[in-house]
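Please read it alongside the structure.

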Amino acid sequence: MKLQIINGKILTKKGWMSDCSVFCEDGKISEISEGTTPREGFAVVDAKDFIVGPGGIDMHIHGADGHDFMECTEEAFRTVINAHLKHGTTSLFPTLASSSNTMIRNAAEICTRLMQEKDSPVLGLHLEGPYLNIKKCGGQWPEMIRLADPVEYIPLLDEFPCIKRWDASPELDGALEFGRECARRGILVGIAHTEADGEIVEKGFEAGFTHATHFYNAMTGVHNVREFKHEGTIEAIYINDGISVEIIADGIHVPPVLFRLVHKVKGPERIALISDAIASTASSSGEVFDKNTIIEDGVCKLADRSALAGSVATMDRLVDTMINKCHMSWEDTFAMTSTTTARLMKVDDRKGSIAVGKDADICFYTDQASLQCVIQAGRVVINHSDNNSSNI
């Protein structure tokens, strides 16, 4: 399908443009030019006076609409993907929490198949664990957590190039060797569910741990050992300019004031916004995938309320949090929802910005951050501004 987007305030790689047209052909942006005169052969999508930016890329996402990627079925994968598409996530990295070897293999096989489909929004698999510190397991399943073993992870890495990021706790036995092996293969390695101090964070960074998984959550901060203060994982990550961070931007996991601090220190070029969304996200059902959790106060918690356990946020909620609670600019917001994520995940040659030759993944928002239209690979998924929606 050929689309011509007109009349919006469009954020391009060259800056904001108005009174222009964005042409989309065969799933790609083929032209950006002045003027809004309809061109023969193109279906016109009127962006009116909306803010037009790149579609969201979620690099840490577990589920939606009653399903979780840990189910390891194609139906679950497609259900989750379609639910998030309608909320502005045009590309994603399906995420498995700590899982068995069999589950990882099954999920990787499904992910590989979906990635091979034309214009697929699936960009790769993200493994959050199972090589995590059980003392910081949070919403992870303790029975799945184990130490990094090359007998397990080397064959997985050899057989499944769809694995694009993998998180672990760098303080555990075998974790640094694991980080080196992943980094050698170009996989993003995240510091996660950890008690790492400054020395361990630095050793981890040298071994390839260059990213912080859901920063501020499931990691230590400054604390006392007897009468002496010690830096935690958080402070060690702040001080290392080479470590990027991801933030669950639901306004709850990281309150707005803390987010502004992260933004001030790291800057939008080192921050990726994530949903960390669970199965109850975008679901009319009150059911939870993990019976040890509850949904309360707009967030997922462990049933005993001892910790948060994932979010029920979608990409449009992340954008709303940035604009209306954290008072970020639109430029920084789109950087953190899309541009930075694309660069961190090495897909910025085709994703992350509105530019000729890149995938036609585009979203419209009102000034107040209400999502109006989602276009994925040149296909209109939803268009509230025209009061009609396309079926996925």
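H126 sits in strand β12, residues 125-128. Strands are DSSP runs of E with at least two residues, helices are runs of H or I with at least four residues, and both are numbered from the N terminus. At 0% relative accessibility, H126 is buried. Buried means under 20% relative accessible area, exposed means over 50%, and partly exposed lies in between, with a 1.4 Å probe and protein chains only.

The side chain of H126 makes a polar contact of 2.6 Å with the side chain of D167. A polar atom of the H126 side chain also lies 3.3 Å from the backbone oxygen of M59. A polar contact is a pair of N or O atoms within 3.5 Å; within protein, one must be able to donate a hydrogen and the other to accept it, and residues adjacent in sequence count only if both atoms are side-chain atoms. Beyond four places in sequence, H126 touches M59, H60, F93, P94, T95, L96, R165 and D167. Contact means heavy atoms within 4.5 Å.

## Basis of the model

The model is predicted: local features need pLDDT of at least 70, side-chain atom pairs count only at pLDDT 80 or more, and totals for chains, interfaces and linings use all residues. Residues are numbered from 1 along each chain as its sequence is written, and side-chain values use heavy atoms, leaving out hydrogens and water.

## H67

H67 belongs to strand β10, residues 67-68. Its relative accessible area is 18%, so H67 counts as buried. Leaving aside neighbours within four places in sequence, H67 contacts H62, A76, T79, V80 and A279.

## Helices α3 and α4

How do the axes of α3 and α4 cross, and at what angle? The axes of α3 (residues 150-159) and α4 (residues 175-184) come within 11 Å and cross at roughly 10°. Axes are lines fitted to C-alpha atoms, for helices over the stretch in contact, and angles run from 0 to 180 degrees between N-to-C directions. The two helices, α3 and α4, are therefore roughly parallel. Angles under 35 degrees count as roughly parallel, over 145 as roughly antiparallel, 65 to 115 as roughly perpendicular, and the rest as oblique.

Y153, I154 and L157 of α3 meet E177, F178, E181 and C182 of α4.

## The chain overall

The chain has 9 helices and 25 strands. Its C-alpha trace spans about 70 × 45 × 40 Å along the principal axes. Buried residues make up 58% of the 392 residues.
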